[in-house]
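I opened this notebook page to record what I looked up in one structure.

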Amino acid sequence: MNFLWDSLPNFLAGISGTVFLYSLLKKVNISYKFIAFFLVGTYLTVEEYFPIFSHNLYFDYYDIMFSWIGCFLGVLFTY
């Protein structure tokens, strides 16, 4: 159960990053929901493998899983 609390920041980053990036890209007439989904999800996955801004002490598969779940929910929230 502790892995839920450890992965919560990635989950929230996936939701908020997708919604924020979509709100920036929606000024164009084309729907960019899935582009925002893949950009945020890919960034959070790469950040887990090669920490750039965060200093992860250990690699965790749950962080990657919850990042993508958060990105998916972010796409659902924009509908």
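The entries below cover the source, the fold, the surface and the helix packing.

**Source.** I worked from a predicted model, in which local features need pLDDT of at least 70, side-chain atom pairs count only at pLDDT 80 or more, and totals for chains, interfaces and linings use all residues. Residues are numbered from 1 along each chain as its sequence is written, and side-chain values use heavy atoms, without hydrogens and water.

**Fold.** I found three helices and zero strands in the protein chain, in the order α-α-α; helices (H or I, at least four residues) and strands (E, at least two) are DSSP runs numbered from the N terminus. The radius of gyration, taken over C-alpha atoms, is 13 Å, close to the 12 Å of the globule rule for 79 residues, so the chain is as compact as a globular protein of that length. That rule is 2.2 Å times the number of residues to the power 0.38. I noted a C-alpha trace spanning about 40 × 25 × 15 Å along its principal axes.

**Burial.** Buried residues (under 20% relative accessible area, 1.4 Å probe, protein chains only) make up 34% of the 79 residues.

**Helix packing.** I then looked up H1 (residues 2–25) and H2 (residues 33–49), which pack at about 145° with axes 9 Å apart. Axes are lines fitted to C-alpha atoms over the stretch in contact, and angles run from 0 to 180 degrees between N-to-C directions. In contact (heavy atoms within 4.5 Å), residues including Gly14, Gly17 and Leu21 of H1 meet residues of H2, among them Ala36, Phe37 and Val40.

Terms used: Buried < 20%, exposed > 50% of the residue type's maximum accessible area, 1.4 Å probe, protein only.
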